[in-house]
Amino acid sequence: MCDYKCKIPKFNDGDVILVHNYTDSLNPLPLLIQSFTRCYYHHCAIYLGGFVYESTAKGVGCTSSIEDYFKEIGSKREVAIVRPDHFYYANLTKQVGLKYGFWSLVVQVINQICNVYFGSKNPNGRNCSQFVAQCIGYKDWAKIDPQDIFRDHEDKIIYESAPKRRKYINNKLNS
């Protein structure tokens, strides 16, 4: 592929965008998620028709064009693009408009610490990884976090903006 400074990689509908957002002092959530999941990537989204669909504090929906999303690579975020075996368009469309699943983040942290899932198998809201996991066909999608998506699809990464940095951070998180 190429780096973010030349052109955007060729995407297929359903490609997963694993995201590492650089944090600021006002939003410690990415660092907390990264610490508990022990993974550089702490957010994820789906590519569809030139746009990025993700679950954010505003809920599940289309947030920006892929061009605008890629303009922020290197300054605001780093990404890895995963091409999963399956993408279920109907699963994406039925989740658009759902509220963000703040409670599910707490449940996923408990699951990471205790290896016990206390959450709903079909929560009313969606965090980013639940949204993506349902779109790509995970059976137990409510339990999935960004680390699971990265680990399960590491061999399907078609582009990564900062692989050396990701390896360095993952090694530190897992030591």
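# Chatting through a predicted fold

Trainee: Starting with a cysteine: at 41% relative accessibility, what does Cys62 count as?

Mentor: Cys62 counts as partly exposed, because its relative accessibility is 41% and that class lies between the 20% and 50% cut-offs. Keep in mind as we go that this is a predicted model.

Trainee: Got it. And Cys44, buried or exposed?

Mentor: Cys44 counts as buried, with a relative accessibility of 0%.

Trainee: How many disulfides are there?

Mentor: The count is zero. Cys44 has the sulfur of Cys128 as its nearest cysteine sulfur, 3.9 Å away, and is in no disulfide. The cut-off here is 2.5 Å between the two sulfur atoms.

Trainee: Let's zoom out. How many helices and strands does the chain have?

Mentor: There are seven helices and six strands. Going along the sequence, they come in the pattern β-α-β-β-β-α-β-α-α-α-α-β-α.

Trainee: How are the strands arranged?

Mentor: The six strands make an open sheet, ordered β4-β3-β2-β1-β5-β6, with antiparallel pairing. β4 (59-65) and β6 (157-160) are the edge strands; each has a single partner, so one side of each has no neighbour in the sheet. From one strand to the next, the twist averages 30°.

Trainee: So what about β4, how many of its residues are buried?

Mentor: Five of its seven residues are buried, so β4 is largely enclosed by the rest of the structure. Its place at the edge concerns neighbours in the sheet, whereas burial takes in the cover from the rest of the structure.

Trainee: Where do the side chains of a strand point, in general?

Mentor: In a regular strand they alternate between the two faces of the sheet.

Trainee: Which helices sit against the sheet?

Mentor: Two to look at are α5 and α6. Helix α5 (residues 128-135) lies across β1, β2 (43-48), β3 (51-56) and β4, and runs at about 40° to β2. Helix α6 (residues 146-153) packs on the sheet too, touching β1, β2, β5 and β6, and its direction makes about 125° with that of β1.

Trainee: Changing topic: how many salt bridges does the structure hold?

Mentor: Eight. One of them brings together the side chains of Arg83 and Asp15, at 2.8 Å from N to O. That pair links distant parts of the chain, 68 residues apart: Arg83 is in the loop between β5 and α3 (89-95), while Asp15 is in the segment before β1.

Trainee: Are those two buried or exposed?

Mentor: Asp15 counts as buried, at 1% relative accessibility. Arg83 counts as partly exposed, at 26%.

Trainee: Why would such side chains pair up at all?

Mentor: Side chains of opposite charge can pair when their charged atoms come close.

Trainee: Back to α6, then. Which side chain does Arg151 meet in a salt bridge?

Mentor: Arg151 meets Asp148, at 3.2 Å from N to O. Both lie in α6, three residues apart, which is about one turn of the helix. Arg151 is partly exposed at 46% relative accessibility, and Asp148 is buried at 11%. Asp148, Arg151 and Asp152 are linked in a network of salt bridges.

Trainee: What does Glu154 pair with?

Mentor: Its side chain meets that of Arg166 in a salt bridge, at 3.9 Å from N to O. Glu154 is in the loop between α6 and β6 and Arg166 is in helix α7 (residues 163-173), so the pair ties together parts 12 residues apart in sequence. Glu154 is partly exposed at 42% relative accessibility, whereas Arg166 is buried at 7%.

Trainee: Last one, for the whole chain: how much of it counts as buried?

Mentor: Of its 175 residues, 51% do. The accessible surface of the chain is about 9100 Å², and carbon and sulfur atoms hold 53% of that. Among contacts with a separation of 6 or more, 69% are between residues 24 or more positions apart.

Key: Residues numbered from 1 in each chain as written. Predicted model: local features only at pLDDT ≥ 70, side-chain atom pairs only at ≥ 80, totals over all residues. Heavy atoms only, no water. Pairing = 2+ DSSP bridges. Helix = DSSP H or I, 4+ residues; strand = E, 2+ residues; numbered from the N terminus. Axes fitted to C-alpha atoms, helices over the stretch in contact; angles between N-to-C directions. Contact = heavy atoms within 4.5 Å. Buried < 20%, exposed > 50% of the residue type's maximum accessible area, 1.4 Å probe, protein only. Areas by Shrake-Rupley, 256 points an atom, 1.4 Å probe, with all protein chains shown as cover. Salt bridge = Lys/Arg side-chain N within 4 Å of Asp/Glu carboxyl O.
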